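Student: I have a model open and would like to learn how to read it. Could you walk me through it, feature by feature?

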Amino acid sequence: MKPTVVLVGRPNVGKSTLFNRLTRSRDAIVADMPGLTRDRHYGHGRVGDKPYLVVDTGGFEPVVKEGILHEMAKQTLQAVDEADVVVFIVDGRTGLTAQDKVIADKLRRSGRSVHLVVNKAEGMNRGSVTAEFHELGLGEPVAISASHGEGVRELMELVLADLPDVTEEEGKKPTHPKFAIVGRPNVGKSTLVNSILGEERVIAFDLPGTTRDSIYIDFERSGKQYTIIDTAGIRRRGKVKEAIEKFSVIKTLQSAEDANVVVLVLDAQQEISDQDAGIAGFILESGRALVVAVNKWDGLDDYRRDRIKHDLDRKLKFLGFAKFHFISALHGKGVGALLQSIDEAYSAAMANLSTPKLTRVLLAAVQKQAPPRKGPVRPKMRYAHQGGMNPPIVVVHGSGLDEIPESYVRYLEHTFVEVFKLQGTPLRVQFKQSH
Ligand code: GDP
Ligand code: GDP
């Protein structure tokens, strides 16, 4: 599983600046998706071929009242608790503050692996800017400049060095759908898992164990093998008190990363919330195949049904590649069809796209609508091959390809999706220059 790096520090030290720098290249993928409100706290980063998740706890802070040392927000502590590594940022210009000491103390007691980072160090002597921070007792401070990008790569190499290697696009090719059921609390995830597995099975798997991890359950249906990643099970296993919970966004995102298909569960009897859209945006960024289950469809009149459809259309437009199912987990309605879409999304995500066919489709698409010329060079697209799966990546080779407009990229994506009938997975087109 990808490691999770959590950025912590008092306000204004540069957490969001560093977050933006770490996630920038990934963000570009989804930057112009219509309707997508990107969640600014959770993102994907990568150093070399090492991917990781990154969390900016900045937005979790309560408003700080003048002169009062505020405690770290609960959400920040929870994020620290679930982090593989914590990056604790201090400000080299203001120097060591009392608040830094309070945070350092909490981090030391968390037992997490912590890297102390002195930001805003551009143009300053590394030795002298870091000197006073040794006092925090968190090891050798690393000087960086988040806004200038100095020392950031080295920092992330250091941060990831001690963690087990997860190279992207590596490992065994999956053999069957492994799907995560995600969504905010109370949308009906547990009920859906019950409905998919049948009551007895869930109880059979309801064994005591660690309370924090998601539950992985293998099952068979109509002769087909599946693995379900049950994030709600965390709570079901715990005491009732914990039920009122602690919704773990990080665990949700990690489960989505570890799955090859994500089932996003929404509650038709509620408005689509920012939290729903935030989770959806993150899934889109992860490139996983997706099926949307709009649950609690029972007991709604036509007017309410129209309204929710309208709401979905407006707020989750960017999930246009996914199939939407209107189901009732409670009554087991629509669950069979949902599984069929999971199969379909899985096959699409894992499809093998042959080079000759991709090239034929590419050239036909170009002939139908040529890429617009920008500047003196006319873009020339020569051939295409598959560069990855889950999501499928199509690499287009040619020349003059550095300024292909986004709208044309979308045109090619749609064409490939349509011709290869890839329902349920995003598809990405990348360009490679050859002269
Ligand atoms: P956060 O509250 O911890 O998320 O801090 P921000 O990322 O919002 O940064 C706070 C301020 O510090 C902003 O004005 C940034 O432009 C500035 N800042 C961030 N990183 C650097 C840096 O490396 N050098 C300098 N000089 N300023 C920085
Ligand atoms: P979770 O927090 O996402 O796991 O949600 P639960 O599965 O615990 O369900 C939350 C509440 O919604 C429970 O009271 C369920 O009985 C109810 N619920 C779940 N699915 C449905 C449904 O399809 N229709 C209706 N009307 N209620 C449902």
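Here is the conversation that followed.

Tutor: Ground rules come before features. This is a predicted model, so local features need pLDDT of at least 70, side-chain atom pairs count only at pLDDT 80 or more, and totals for chains, interfaces and linings use all residues. Residues are numbered from 1 along each chain as its sequence is written, while chains are lettered from A and ligands numbered from 1 in the order in which they are written.

Student: What is the average pLDDT of the protein chain?

Tutor: pLDDT is the predictor's confidence in each residue, from 0 to 100. Here the protein chain averages 85, and 84% of the residues score at least 70. For the complex, the predictor reports an ipTM of 0.82 and a pTM of 0.81.

Student: Which stretch around there has pLDDT under 50?

Tutor: Residues 234-245 do, and the model has 15 contacts for them beyond four places in sequence. A contact means two C-beta atoms, placed from the backbone, within 7 Å.

Student: How many helices and strands does the protein chain have?

Tutor: Both come from DSSP runs, helices being H or I with at least four residues and strands E with at least two, numbered from the N terminus. The protein chain has 15 helices and 15 strands.

Student: How is the protein chain divided into domains?

Tutor: Domain bounds come from an automatic or database domain assignment. In this case they give domain 1 (4-161), domain 2 (178-350) and domain 3 (355-433). The contact takes 16 residues from domain 2 and nine residues from domain 3. On the side of domain 2 that touches domain 3, strand E11 (289-295) and helix H13 (335-349) are the elements giving two or more residues. H13 gives the most, with five.

Student: Which classes do the residues on that side of domain 2 fall into?

Tutor: Ala, Val, Leu, Ile, Met, Phe, Trp, Tyr, Cys and Pro count as nonpolar, Asp, Glu, Lys and Arg as charged, and the others, Gly among them, as polar. That side of domain 2 has 10 nonpolar, three polar and three charged residues.

Student: Why is strand E4 called largely enclosed?

Tutor: Count neighbours: a residue is buried if 20 or more other C-beta atoms lie within 10 Å of its own, exposed if 12 or fewer, and partly exposed in between, with C-beta atoms placed from the backbone. Strand E4 (residues 85-91) has six of its seven residues buried, so the rest of the structure largely encloses it. Across the 435 residues of the protein chain, 40% count as buried.

Student: Which strands pair with E4?

Tutor: Pairing takes at least two DSSP bridges between two strands. Strand E1 (residues 4-8) runs parallel to E4, with four bridges, and Val8 has Phe88 as its partner. Strand E5 (residues 113-119) is also parallel to E4, joined by seven bridges; there, Val85 stands opposite Ser113.

Student: Which residues come nearest to ligand 1?

Tutor: A residue is near a molecule if its C-beta atom, placed from the backbone, lies within 6 Å of it. Of the 16 residues around ligand 1, the nearest are Gly14, Lys15, Ser16, Thr17 and Lys120. Helix H1 (residues 15-30) supplies the largest share of this shell, three residues. By class, the shell has three nonpolar, 10 polar and three charged residues.

Student: And which are the closest to ligand 2?

Tutor: Gly188, Lys189, Ser190, Thr191 and Leu330, out of 16 surrounding residues. Helix H6 (residues 189-197) gives the largest share of that shell, three residues. Its residues divide into five nonpolar, eight polar and three charged.
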